[in-house]
Amino acid sequence: MSAPPETLLTDRERVRRLLALPGVRPGLAERLAASRVAMVGMGGLGNPVALYLAAQGVGALTLIDPDQVQAHNLGRQILFAPSDVGQSKVNAAQRALRRTAPNCTIVTHETALRAENISDLLEGSDLVIDGLDRAAPRMILNRWAVASAIPVLFGGAIGYEAQVFGVRGGKPCLYCLFGELQGADEDCVVAGVLGPVVGLAAMVQASEALKMLLGTGQSMVGRMWTYDAFSLKTRMVSVPPRRDCPVCGDGR
Amino acid sequence: MSTFIVNGEIREVSDALTVGDLLDRLSVSHQTVAVMVNGAIIAREAFATESLHERDAIEIVRFVGGG
């Protein structure tokens with residue numbers, strides 16, 4: 001019998017330390033390999049999350065982003081090289097991820113998330129990572145998260161601050177917390193952003209995604225993690241559902 | 001002067017009778033924050049009318065939207 005291809009041997013080894021964790025049962029590598037995670041947005045959040053999920057043995061990633069790589073992205077969108085500037089983000093990310101995990105199945109959609117295409121884009125995903133940079137599509141994603149009951153890990157970062165919030169079918173959802181979020185968009189052009197702080201939010205998203213896929217540890221659903229690198233303050237806030245929430249409440 | 005537990009820390013704040021007053025004293029915008037008082041979410045429309053009491057535990061979470 002011939003030896004298995006080198007990449008398959010590598011894939012068996014890449015999850016060895018993961019499977020040694022307390023609470024992780026042997027055999028769960030197959031569950032990771034059979035999982036599909038959708039990344040909505042391949043910017044400062046989507047880049048590091050995709051890199052870690054591919055490296056840790058997640059079998060399939062869906063990358064969704066309409067944008068091209070710009071030079072000012074390179075400080076925090078760490079899959080991209082100067083030679084990628086001007087090219088599609090999802091295609092450039094796919095090339096980088098193939099080096100990391102050749103057997104990871106990567107599907108790309110060079111499009112923006114809208115109410116009309118969200119079901120087609122995200123159907124069949126086991127979990128969704130929010131890597132968006134605007135409030136309006138986040139609210140579309142939140143409505144879909146409540147309706148579909150597929151878990152979504154929302155993330156955000158600006159300035160020195162990062163946050164992550166888990167939604168699974170609502171009660172609570174992102175709307176319970178923030179309402180309509182009209183005029184909520186702050187611009188990184190004005191506010192600035194510390195590159196690794198976006199990465200911190202991404203690392204919390206990636207850790208929680210792997211925990212959810214493996215079914216281990218406490219769940220971040222209904223909890224908001226926040227970190228302020230300027231004042232060195234971190235919090236985990238339990239969010240109660242709002243019964244009158246028009247998205248996930250009793251009267252919807 | 002009232003004593004509140006704001007984001008897990010004890011704060012002395014003057015003239016804060018409502019959630020809206022407290023946000024103003026702390027120079028926090030009303031538009032993009034979630035406020036929980038003793039574990040219950042306060043709708044933004046109720047910030048001006050929701051009364052605060054001595055030792056209330058208040059969590060203020062600002063929406064952080066970049067990515």
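**Figure 1. Loop residue B:Asp15.** B:Asp15 is exposed, with a relative accessible area of 57%. In this predicted model, B:Asp15 sits in the loop of chain B between strand E2 (9-13) and helix H1 (19-25). Its phi is positive, about 55°, although B:Asp15 is not a glycine.

**Figure 2. Loop residue B:Arg55.** The loop between strand E4 (40-42) and strand E5 (57-62) of chain B holds B:Arg55. Phi of B:Arg55 is near 70°, a positive value in a residue other than glycine. B:Arg55 counts as partly exposed, at 48% relative accessibility.

**Figure 3. The interface of chain A and chain B.** Chain A gives 31 residues to the contact and chain B gives 20 residues. A:Phe178, A:Arg235 and A:Pro240 supply 25% of the area that chain A buries against chain B, more than any other three residues. The two chains bury about 2100 Å² between them, and 57% of it is on carbon and sulfur atoms.

**Figure 4. Polar and charged pairs between chain A and chain B.** The count of salt bridges between chain A and chain B is three. In a salt bridge between the two chains, the side chains of A:Lys233 and B:Glu9 meet at 3.7 Å, N to O. Across the interface, 11 residue pairs are in polar contact. On the side of chain A that touches chain B, the elements that give two or more residues are helix H7 (135-148), strand E5 (152-158), strand E6 (161-167), helix H8 (174-178), strand E7 (223-228) and strand E8 (233-238). The residues of this side divide into 14 nonpolar, nine polar and eight charged.

Figure 5. A:Lys171 and A:Pro172 are joined by a cis peptide bond, with omega about 5°. A:Pro172 belongs to the loop between E6 and H8 of chain A.

**Figure 6. Helix H4 of chain A and its surroundings.** Helix H4 (residues 46-55) is mostly covered, with seven of its 10 residues buried. These buried residues are A:Gly46, A:Asn47, A:Pro48, A:Val49, A:Ala50, A:Leu53 and A:Ala54. They pack against several elements of chain A, among them helix H1 (6-14), strand E1 (36-40), helix H5 (89-100) and helix H10 (195-214). After H4 comes A:Gly57, with a positive phi near 100°.

**Figure 7. A:Leu8 in helix H1 of chain A.** A:Leu8 lies in helix H1 and is partly exposed, with a relative accessible area of 42%. The C-alpha atoms of A:Leu8 and A:Pro102 are separated by 9.4 Å, and the two residues are 94 residues apart along the chain.

Key:
Residues numbered from 1 in each chain as written. Chains lettered and ligands numbered in written order. Predicted model: local features only at pLDDT ≥ 70, side-chain atom pairs only at ≥ 80, totals over all residues. Heavy atoms only, no water. Buried < 20%, exposed > 50% of the residue type's maximum accessible area, 1.4 Å probe, protein only. Helix = DSSP H or I, 4+ residues; strand = E, 2+ residues; numbered from the N terminus. Contact = heavy atoms within 4.5 Å. Buried area = accessible area lost by both parts, 1.4 Å probe. Salt bridge = Lys/Arg side-chain N within 4 Å of Asp/Glu carboxyl O. Polar contact = N/O pair within 3.5 Å; in protein donor to acceptor, adjacent residues only side chain to side chain. Nonpolar A, V, L, I, M, F, W, Y, C, P; charged D, E, K, R; others polar.
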